[in-house]
Amino acid sequence: MAHSVASAEVEAMMADLALSAHRAPEAYLAAARATLSRILSRPDLLDPARLVGQGEGLSRNLLFGTEAISVWAMVWAPGAVTPVHDHHCSCCFGLLRGTLRETWYRPISETHAVATLDVLRQPGFVACMMPSGPNLHRIANDGSEAAVSIHVYGYDHRAQESSIHRTYAIAAG
Ligand SMILES: [Fe+2]
């Protein structure tokens, strides 16, 4: 039984995507990318109340969840930042509003990583990857406005706390 607080149209899209989570990785990632792009082009389908943060930092609002995927609206207050982390599951996200700085890292040990790429993401940006990508990154809102992103992770929100596999300290490059 899926958990959903999305509109019927978005729920149908996400239910289709949950089914495709059982397909080959490339097929699933393509489906997740298409689903996120559709949602970003139709933000009116999302409940505005789910796109509001609760105070400082990063707020996670669950939109939909099954045993295969969980979909979240993440609201980034100015100054919100994740630790450097990798994922135990697939990680897809699209930026709905605001800007986010995504910094990629290369692990140099099980505890430390060095930055390799730093990009400012704009609304409409979509990224989808498997944990073997590798997908080691940090996301920060260093702007002055709140940012909202939609995330699709390949994990059951009832079984695991988050998509994060491991966090890393930043080593000097
Ligand atoms: Fe992540």
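**Close-up views of a predicted model**

**View 1. Helix 1 against helix 2.** In this predicted model, helix 1 and helix 2 pack with their axes 9 Å apart, at an angle of about 170°. Angles over 145 degrees count as roughly antiparallel, so helix 1 is roughly antiparallel to helix 2. Helix 1 brings Val10, Met13, Leu17 and Ser20 to the contact. From helix 2 come Ala27, Tyr28, Ala31, Ala32, Thr35, Arg38 and Ile39. By type, the residues of this contact are eight nonpolar, two polar and one charged.

**View 2. The whole chain, for orientation.** The protein chain has two helices and 11 strands. Read from the N terminus, its elements follow the order β-α-α-β-β-β-β-β-β-β-β-β-β. The radius of gyration is 15 Å, close to the 16 Å that the globule rule gives for 173 residues, so the chain is as compact as a globular protein of that length. Along the principal axes, the C-alpha atoms fill a box of roughly 50 × 35 × 25 Å. Buried residues make up 35% of the 173 in the chain. Among contacts with a separation of 6 or more, 75% join residues 24 or more positions apart.

**View 3. The largest nonpolar core.** This core holds 37 residues. The members that touch the most other members are Leu17, Ala32, Val71, Ala73, Cys92 and Val152. Two or more core residues come from each of these elements: helix 1 (8-20), helix 2 (25-41), strand 2 (58-65), strand 3 (70-76), strand 5 (91-97), strand 8 (126-129) and strand 10 (147-153). Another core, of five residues, lies apart from the largest one, and Val84, Tyr105, Ala113 and Tyr168 are among its members.

**View 4. Leu17 on helix 1.** Leu17 belongs to helix 1 and is one of the residues through which helix 1 meets helix 2. With 22 other C-beta atoms within 10 Å, Leu17 is buried. Neighbours within four places in sequence aside, Leu17 is in contact with Ala31, Ala32, Thr35, Ile69 and Val152. Of these, Ala31, Ala32 and Thr35 are helix 2 residues in the contact of the two helices. Tyr28 is 11 residues from Leu17 along the chain, and the C-alpha atoms of the two are separated by 7.6 Å.

**View 5. Val152 on strand 10.** Val152 lies in strand 10. It has 29 other C-beta atoms within 10 Å and is therefore buried, the threshold being 20 or more. Not counting residues up to four places away in sequence, Val152 touches Leu17, Ala32, Leu36, Ile69, Val71 and Cys92. Leu17, Ala32, Val71 and Cys92 are listed with Val152 among the core residues that touch the most other members. Val152 and Ser70 are 82 residues apart in sequence, yet their C-alpha atoms are 5.8 Å apart in space.

View 6. Val148 is buried, with 23 other C-beta atoms within 10 Å. Apart from neighbours within four places in sequence, its contacts are Leu51, Ala73, Val75, Leu96, Arg97 and Gly98. Met74 is 74 residues from Val148 in sequence, while the C-alpha to C-alpha distance is 5.6 Å. Ala73 in turn touches Leu46, Arg50, Leu51, Asn61, Leu63, Val148 and Ile150, again without residues up to four places away in sequence.

**View 7. Val114 on strand 7.** Val114 is found in strand 7, which covers residues 112-121. Val114 has 14 other C-beta atoms within 10 Å and is partly exposed, whereas Val152 is buried. Val114 and Tyr153 are 39 residues apart in sequence, and their C-alpha atoms are 25 Å apart in space.

Conventions
Residues are numbered from 1 along each chain as its sequence is written. This is a predicted model: local features need pLDDT of at least 70, side-chain atom pairs count only at pLDDT 80 or more; totals for chains, interfaces and linings use all residues. A nonpolar core is a set of buried Ala, Val, Leu, Ile, Met, Phe, Trp, Tyr and Cys residues joined through C-beta atoms within 7 Å. A residue is buried if 20 or more other C-beta atoms lie within 10 Å of its own, exposed if 12 or fewer, and partly exposed in between; C-beta atoms are placed from the backbone. Helices (H or I, at least four residues) and strands (E, at least two) are DSSP runs, numbered from the N terminus. Two residues are in contact if their C-beta atoms, placed from the backbone, lie within 7 Å. The radius of gyration is taken over C-alpha atoms; the globule rule is 2.2 Å times the number of residues to the power 0.38. Axes are lines fitted to C-alpha atoms, for helices over the stretch in contact, and angles run from 0 to 180 degrees between N-to-C directions. Angles under 35 degrees count as roughly parallel, over 145 as roughly antiparallel, 65 to 115 as roughly perpendicular and the rest as oblique. Ala, Val, Leu, Ile, Met, Phe, Trp, Tyr, Cys and Pro count as nonpolar, Asp, Glu, Lys and Arg as charged, and the others, Gly among them, as polar.
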